[in-house]
Amino acid sequence: MNIPLNIDWQQILLHLFNFVILFAVLYFLLYSPVKKFMDERQKHFADLENEAQDKLSKSESVLKEYQTKLDGVSDEIAEMKKKAMSEAKTTSDLKLEQAQKEADKIISDAKIAIERDRKKMISNARSEISELVTETAEKIVSKSDTLASYDAFLDAVKRGETDE
C-alpha cells in the first residue's frame, strides 16, 4: 500500500496510542495529585479568609461594644465629676460655716475676757483708791486731832487732793 507522502498509519496509530498512554499515566500520576493539592490549598485559603472575616466581624462588634462602654464611662465620669464638685462645694460651705462659728466664738470669748479684765481693773482701781483714802485718812488723823482731821479729810476728798 502506497500512501501519499509516505505516511505510515500504523506508526501514527502507535504514536497516538503511546501518547494516550503517556497522557493517562501523567494524568493519574501528576495532574490528579496536583489538582488535589491545589483544591486543598484553595479550600485552606478560603477557610482562612472565612476565619478572618469572622474575626473581623467579631472584632467590629467588640469595638462597638467597647465604644458603647467608653461612652457610658465618659458619661459616668462626668456624673462623678459633678457629684465630686457638689460634695466639694458642700464641704467647703460647711468648713466656711464652721470657721465663721469659730470666729464668732473667738470674738465673743474675747469680749467676755475684755469685760472680765475691765471689771477686774475697776475692782483693782477701787481697792487702790480705798487704800489711798485709808492711808490719807491715817495721815490726817495722825497729824491732827480727830474732829479736825475728819473735816480736813472730807475737804480733801471734796477737792480730790491728798497730802503726802
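Predicted model: local features only at pLDDT ≥ 70, side-chain atom pairs only at ≥ 80, totals over all residues.
1. Now for the overall form. The chain has two helices and zero strands. Its radius of gyration is 64 Å, well over the 15 Å that the globule rule gives for 164 residues, so the chain is more spread out than a compact globule. The C-alpha trace tells us about the dimensions too: along the principal axes it spans about 200 × 25 × 25 Å.

2. How much of the chain is buried? Of its 164 residues, 3% count as buried. The accessible surface comes to about 15200 Å², and carbon and sulfur atoms account for 62% of that area.

3. Back to the rings. A pair of aromatic rings is described by the distance of the centres and the angle of the planes. With centres required to lie within 6.5 Å, the count comes to four aromatic pairs. One of them is Phe19 with Phe23: the ring centres are 6.5 Å apart and the planes meet at 25°, so this pair is stacked, as planes under 30 degrees apart count as such.

4. Where do these two phenylalanines sit? Both Phe19 and Phe23 belong to helix α1, which covers residues 9-143, and four residues, about one turn of the helix, separate them. Phe19 has 53% relative accessibility and counts as exposed; Phe23, at 53%, counts as exposed as well.

5. Tyr27 and Tyr31 give us another stacked aromatic pair, with 5.1 Å from centre to centre and 25° between the planes. Here too both partners lie in helix α1, four residues apart, or about one turn of the helix. Tyr27 is partly exposed, with a relative accessible area of 36%, and Tyr31 counts as partly exposed at 45%.

6. Phe19, Phe23, Tyr27, Phe28 and Tyr31 form one aromatic cluster.

Notes:
Residues numbered from 1 in each chain as written. Heavy atoms only, no water. Phe/Tyr/Trp six-rings, centres within 6.5 Å; stacked < 30°, edge-to-face > 60°. Buried < 20%, exposed > 50% of the residue type's maximum accessible area, 1.4 Å probe, protein only. Rg over C-alpha atoms; globule rule 2.2 N^0.38 Å. Areas by Shrake-Rupley, 256 points an atom, 1.4 Å probe, with all protein chains shown as cover.
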